[in-house]
Amino acid sequence: MRFTSLGSGSKGNATLVQSQETLIMIDCGFGLKEAEARLKARGIRPEQLSAILVTHEHGDHLKGAPMLARRYEVPLYATPGTARSFDRPVPQFRPINVHQRFSLGDLTIQPVTVPHDAREPSQFVIHCGPCRLGVLTDLGSITPLVIDAYRHCDAVLLECNHDVQMLAEGPYPPSLKRRVGGQWGHLSNEQAAQLLSQIATERLQHLLVSHISDKNNHPEIALSALASVLEHSDCDPEITVLSQEDGSPWLQLQPNALVQSDIPDESHYPVIEVR
Ligand SMILES: [Zn+2]
Ligand SMILES: [Zn+2]
């Protein structure tokens, strides 16, 4: 399995995940032309997409997704709550149940509900054989469900939205400061570090520092918060800071042969084929 971010931040988010059989795009917070250009820069034609998954209706995640789905006839998976914000009907829409895993080719998609100020937000853990990639942005607080879902990931895109002091002293109006820093807003560097301390195991190969605010954070501050956790952990992941302008290069994810025995048995979970 390989993956790449096409960009991450408040001006647009999109991630590609590709396995032997399947290529999915998670979120498309860029307009159609911009999305096409960013796909092309990764060597991908939109017709190649097996599916688009949308986490929630905020513009930095949804913007170009319905247009891309309609133009290239790509199935678009989202919760019914998210779908209420489509500007017009999307024939390719496939509703997902946030409590139910589903399969897309050789990928299994695990939806994860998160506390965020959207109608029915869902983040995702992508399973491919023994490999797991967790995509986790746009949440205001850490829940037991989130810790449980992301604990055994081989790679995590983790939101490090803001530095608490920079947000307090920054340019946002008071109402927006309360929203961003609130329980239903975005993760601060400190919260991200706290979550990392609870989910980082020796399986973790890649840590992607995601959704960094350009007004209320600096990559160096986020990195130093995360480094203090990693110093005292069992893992030594490759760290990539995702940029708004260009995301990340393609990154490869291989099963970690040393720690496969740690994978919990999940055979008791039913998987519904939805496509
Ligand atoms: Zn966002
Ligand atoms: Zn959001």
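1. D27 is buried, at 3% relative accessibility; buried means under 20% relative accessible area, exposed over 50%, and partly exposed in between (1.4 Å probe, protein chains only). D27 sits in the loop between β3 (23–26) and α1 (32–41). Helices (H or I, at least four residues) and strands (E, at least two) are DSSP runs, numbered from the N terminus. D27 is not a glycine, yet has a positive phi of about 70°.

2. A word on the source. This is a predicted model, in which local features need pLDDT of at least 70 and side-chain atom pairs count only at pLDDT 80 or more, while totals for chains, interfaces and linings use all residues. Residues are numbered from 1 along each chain as its sequence is written, chains are lettered from A and ligands numbered from 1 in the order in which they are written, and side-chain values use heavy atoms, with hydrogens and water left out.

3. E73 also has a positive phi, of about 50°, without being a glycine. E73 is in the loop between α3 (65–72) and β5 (76–78). E73 is exposed, with a relative accessible area of 62%.

4. Now the overall fold. The protein has nine helices and 15 strands. Its radius of gyration, taken over C-alpha atoms, is 17 Å, close to the 19 Å of the globule rule for 275 residues, so the protein is as compact as a globular protein of that length. The rule is 2.2 Å times the number of residues to the power 0.38. The C-alpha trace spans about 50 × 45 × 35 Å along its principal axes.

5. Of the 275 residues, 58% count as buried. Among contacts (heavy atoms within 4.5 Å) with a separation of 6 or more, 66% come from residues 24 or more positions apart.

6. Zinc ion (ligand 1) is coordinated by D60 (OD), H61 (NE2), D138 (OD) and H211 (NE2), at 2.1 to 2.3 Å. Donors are N, O and S atoms within 2.8 Å of the metal (3.2 Å for Na, K and Ca); water is not among the atoms, so sites may look incomplete. The donor spacing along the chain is D-H-x76-D-x72-H. Both D60 and H61 are buried.

7. H56 lies in the loop between β4 (51–53) and α2 (59–62), and H116 in the loop between β8 (107–113) and β9 (122–128), so the pair ties together parts that are 60 residues apart in sequence. Both H56 and H116 are buried.

8. Last, the cysteines. A search of the whole structure finds zero disulfides, a disulfide being a pair of cysteine sulfur atoms within 2.5 Å. For C128, the nearest cysteine sulfur is that of C131, 6.5 Å away. For C153, the nearest is again that of C131, 11 Å away. C128 is buried, with a relative accessible area of 15%, and C153 is buried at 2%.
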